[in-house]
Every structure is written in structure tokens, then in C-alpha cells.
Amino acid sequence: MTRLFLLLLVFGTFCMPVRAEKADSTKPTNIEADQMAYDDVKQVNTFTGNVVLTRGTLLMRANKLIVTQDPQGYQYATLLGGAKGVATFRQKRDAGNDQWIEGEAERIEYDGKIEIVKLFTRAKMRRLEGPKVTDEVEGEFISYDSRAEFFTVHNTNTGESKPGGGRIKAVIQPRNNQAKGQ
């Protein structure tokens, strides 16, 4: 589960690397939920009802969190819709003071073996400086490969864009590089 929470938020907006706060990797993971069920034979842990996960600056909310582990020890997690019908996350970035990454989707999946995060249905990601949104992207499906620091956005939740399947939306705020002499 350690890799899930670190890598889930190592997202990049428009191929820009976004690093989660490194100090979070040494913090304990705390999960609160209305109920928990653990199946030791199948290696499945299910948390339901107002699930809140915290680890350092990482905050995740969902109605349901399912964590499985394969025989090799790789972990896989699925977060399902919370209060607004979406699972959410927010984490401080190492990029500087008060830099954050946050996202939401009806379903968020993480594959610890290949280090890919997938956001399904009403998927959104935002970079923030304090309360100000600097960049945001949304679509029906967002896939993030943490090894390559690359993500794609599609207008269907199958991972492919199809005509008539809707449009993706991106807002990229201008950077004030002129003031820095660049």
C-alpha cells in the first residue's frame, strides 16, 4: 500500500513532472471507515462508509476502498465514489511552498506492479499554488504512468477517444516567467 499512496500523486500535468512530498513516504498510513472486512485467504481488505485515508500531507476520501495483494507482494487499490459520487485525493508537492495536486473520479485504480494510476468517469486533476488552481484537466478517463511521468486524457472511460464521445477540457494558466527575466 506504501507505493500506492506515493505514486498515486506523482502525477504530471501536460507531461510536467509533479512530485508528491517525499516526507510522506516515512509517515504512517491511517484509515478511518464505518466498516472494514479482511479476507486473509484472498488477500483483500475492504473499507466502506466515509473512508478517509491520511498519510502525511496525503488525504484521500471515498465511499469504498478495496486493497488486494498478489502472491509476489504487489498491491492494487480501487477507490469508489464518496460524498459527491467521486473518490478524491489531495497531496502537497515537493515543488515548493504551498504547491498541491488534487484529483477526483468516480473510480480510481492503482496497479502497484506496473505503477499505473487510472481515473475513471468524471475524472479531474488540478495543480494548485495555495488555493489558486494553476492547471487543470478533465475527461472521462485519465491514465498516469508514474515510471514515465506521462499521462493521457480520453473522452471515454475505455482509454480510447471516440468521435462523439465528448471532449476533454484543459486549462493552462500563464506562467509569470517574464518577471524572472526569462
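**Layout**

I read along the sequence and got the pattern α-β-β-β-β-β-β-β-β-β-β-β-β. That gives one helix and 12 strands in the protein. Helices (H or I, at least four residues) and strands (E, at least two) are DSSP runs, numbered from the N terminus.

Ground rules for myself: residues are numbered from 1 along each chain as its sequence is written, and this is a predicted model, where local features need pLDDT of at least 70, side-chain atom pairs count only at pLDDT 80 or more, and totals for chains, interfaces and linings use all residues. Side-chain values use heavy atoms, with hydrogens and water left out.

**Whole-chain numbers**

I looked up burial next: 40% of the 182 residues count as buried. Buried means under 20% relative accessible area, exposed over 50%, and partly exposed in between (1.4 Å probe, protein chains only). The accessible surface comes to about 9900 Å², with 49% of it belonging to carbon and sulfur atoms; these areas come from the Shrake-Rupley method with a 1.4 Å probe, and for residues only the protein chains shown count as cover.

I also checked contacts (heavy atoms within 4.5 Å). Among those between residues at least 6 apart in sequence, 46% join residues at least 24 apart.

**Around E4**

Which strands does E4 pair with? I found E3, E5 and E6. Two strands pair if DSSP finds at least two bridges between them.

- E3 (residues 44-55) and E4 (residues 58-69) run antiparallel, joined by 10 bridges. Leu 53 stands opposite Met 60 in E4. The two strands form a hairpin with two residues between them, and Gly 56 in the turn has a positive phi of about 60 degrees.
- E4 and E5 (residues 75-80) are antiparallel over six bridges. Thr 68 has Tyr 76 in E5 as its bridge partner. This is a hairpin too, with five residues between the strands, and Gly 73 in the turn has a positive phi of about 95 degrees.
- E4 and E6 (residues 87-92) are antiparallel, with three bridges. Leu 59 stands opposite Arg 90 in E6.

**Core**

I then went to the largest nonpolar core, which has 25 residues; Leu 65, Leu 79, Ile 108, Leu 119, Met 125, Ile 142 and Phe 151 touch the most other members. E4 gives the largest share of this core, five residues. My core rule: buried Ala, Val, Leu, Ile, Met, Phe, Trp, Tyr and Cys residues joined through side-chain atoms within 4.5 Å.

**Strand E9**

Val 117 is in E9 (residues 116-129). It counts as buried because its relative accessibility is 0%.

Thr 121, in E9, has a positive phi of about 65 degrees although it is not a glycine. Arg 122, also found in E9, has a positive phi near 55 degrees. Buried or partly exposed? Thr 121 is buried, at 17% relative accessibility, and Arg 122 is partly exposed, at 39%.

**Charges over rings**

Arg 90 lies over the face of Trp 100, at 4.2 Å from the ring centre. Arg 107 lies over the face of Phe 120, at 3.8 Å.

Notes:
Lys NZ or Arg CZ within 6 Å of the ring centre and 35° of its normal.
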